[in-house]
Amino acid sequence: MSLYPLFARPRTVQQAAQVLESMSSGVVVIAGGQELMPHVNHGVLQPEVYVDINALADLKGIREDDGLVSIGALTVHRDTFSDPLVAEKLPLLVEAMKLIGGGRQVHNRATMGGNIVAMHPLYDVVPVLLTLEAQVEVVRGAETRRTSLKELMADPRHGLGSEAILIRVLVAPMAADAGFAYEKLKSSGGAYGSANAAVALTVADGVIASLRLVIGAVADRLVDASEALAFCIGQSWSDALASKVEHCCAGLIDQPLSDHQGDGEWRKAMAGVVAQRAMGRAVARAVAQEGR
Amino acid sequence: MEDLLTQSTLVQLRVNGKLHELEVMPFTSLLDLLREELHLTGTHMGCMTGHCGACTVMVNGRIAKSCIVLASTLERAEITTIEGLRTADGKLHPVQQAFWDEAGFQCGYCAPGMLMSAVELLKENPNPDDAAIESGIAGTLCRCTGYRSIVRAVKAAAVRMNSPEA
């Protein structure tokens with residue numbers, strides 16, 4: 001190995017996968033660099049090899065594929081949240097991504113893939129993708145595998161491993177009459193929320209018919225509260241139900257994060273607050289749709 | 001696969017209209033390249049974490065924080081720095097002129113971030129309201145906390161750029 005870091009710019013996904021497979025530790029994949037570079041600049045991470053995947057044209061862009069919305073891993077945030085197909089089919093994703101911190105500079109360079117593989121509990125994209133039960137396509141060596149994002153996030157290694165590349169995300173379109181909301185509670189002017197909640201639901205005849213809700217930024221792992229909130233099905237929205245949702249969701253957080261975004265006890269309480277607020281807004285949206 | 005690995009990379013960058021072919025080390029940030037190799041010191045080094053925005057430049061027409069852009073990933077790119085904002089006849093860019101006229105800056109360390117953000121914002125939205133301006137400059141910190149005068153200057157720039165003489 002060289003004393004200085006090495007650099008590779010593969011031209012195809014296969015080439016990239018082969019490079020990664022042939023390396024041991026110390027190799028990093030770089031796309032926009034928005035996650036990686038702060039760590040490199042401060043010496044937290046000292047890569048031995050950079051594999052630049054920006055030349056992999058297959059990883060760019062958004063299209064419809066077999067009824068799903070396919071978002072390439074190299075698609076930058078600005079291109080995702082201003083894309084007409086995403087706006088029409090995945091409005092919840094647009095709402096959350098516009099709240100990503102770091103300003104236009106970061107929206108212009110940060111990628112979908114980077115946001116996911118960072119596996120950062122404070123980030124805004126994954127709560128939405130889990131709510132919408134997204135799938136991811138991953139290449140490892142000669143194998144291309146499609147798996148649920150949920151499965152990927154549950155991996156005990158907490159990530160893809162350095163030999164794999166995330167190719168794209170696939171999301172089923174939201175129901176046209178869905179109610180949705182992304183709630184991001186910020187305690188300071190910084191980029192991160194202290195508690196986030198993403199919700200997608202449907203309402204029929206004034207009562208909640210289906211519901212998915214994921215809470216982020218309060219624990220090391222994101223919390224899917226959908227099953228715990230099953231008691232909401234068949235109910236209409238009310239202050240009493242909001243209060244039940246709040247207590248239920250706060251109760252799901254047993255090991256809250258304590259960091260710059262707030263201490264643990266408060267974060268646990270805020271998990272309930274954002275869940276309740278997001279649901280209230282989502283129901284209102286769905287009811288307005290139904291009334292049309 | 002070993003043959004793909006290199007110790008340095010050739011990049012072709014058109015910086016403020018001038019083409020440079022540069023051999024860069026894998027770990028060099030675009031900020032270091034601009035300041036140390038090309039001596040374009042108008043782009044400021046602040047935090048090196050992507051928080052402050054003082055290092056903002058335009059990469060292929062879109063603003064970016066150059067401290068967290070790895071230079072070697074820019075195989076071919078068009079870069080505009082704060083030095084490249086002035087017009088061909090040496091006049092200040094209308095956004096720069098508006099900041100000058102309105103005393104938009106206090107210390108000016110954040111100038112690359114604020115000016116580049118304002119240029120990009122006004123290209124997309126020629127008549128931004130306060131909320132749009134605030135979100136447009138959100139990626140840059142003014143440590144003097146002089147945000148009111150910055151917002152005022154961006155508004156003045158919008159008026160200037162929308163007037164027929166501009």
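1. Chain B is divided into domain 1 (2-84) and domain 2 (94-162), with bounds that come from an automatic or database domain assignment. Their C-alpha centres lie 23 Å apart. Do bear in mind that this is a predicted model, where local features need pLDDT of at least 70, side-chain atom pairs count only at pLDDT 80 or more, and totals for chains, interfaces and linings use all residues. Residues are numbered from 1 along each chain as its sequence is written, chains are lettered from A in the order in which they are written, and side-chain values use heavy atoms, with hydrogens and water left out.

2. Within chain B, 19 residues of domain 1 are in contact with 15 residues of domain 2 (heavy atoms within 4.5 Å). The two domains of chain B bury about 1,200 Å² between them, 61% of it on carbon and sulfur atoms; this is accessible area (1.4 Å probe) lost on being put together, summed over both parts.

3. You will find 0 salt bridges between domain 1 and domain 2 of chain B (a side-chain nitrogen of Lys or Arg within 4 Å of a carboxyl oxygen of Asp or Glu).

4. Now to the two chains: the contact takes 36 residues from chain A and 37 residues from chain B. Chain A and chain B bury about 3,100 Å² between them, 58% of it on carbon and sulfur atoms. In chain A, Phe7(A), Arg104(A) and Gln105(A) lose the most area to chain B, together 25% of what that side buries.

5. Across this interface of chain A and chain B there are 6 salt bridges. Arg9(A) forms a salt bridge with Glu75(B), with the closest N and O atoms 3.5 Å apart.
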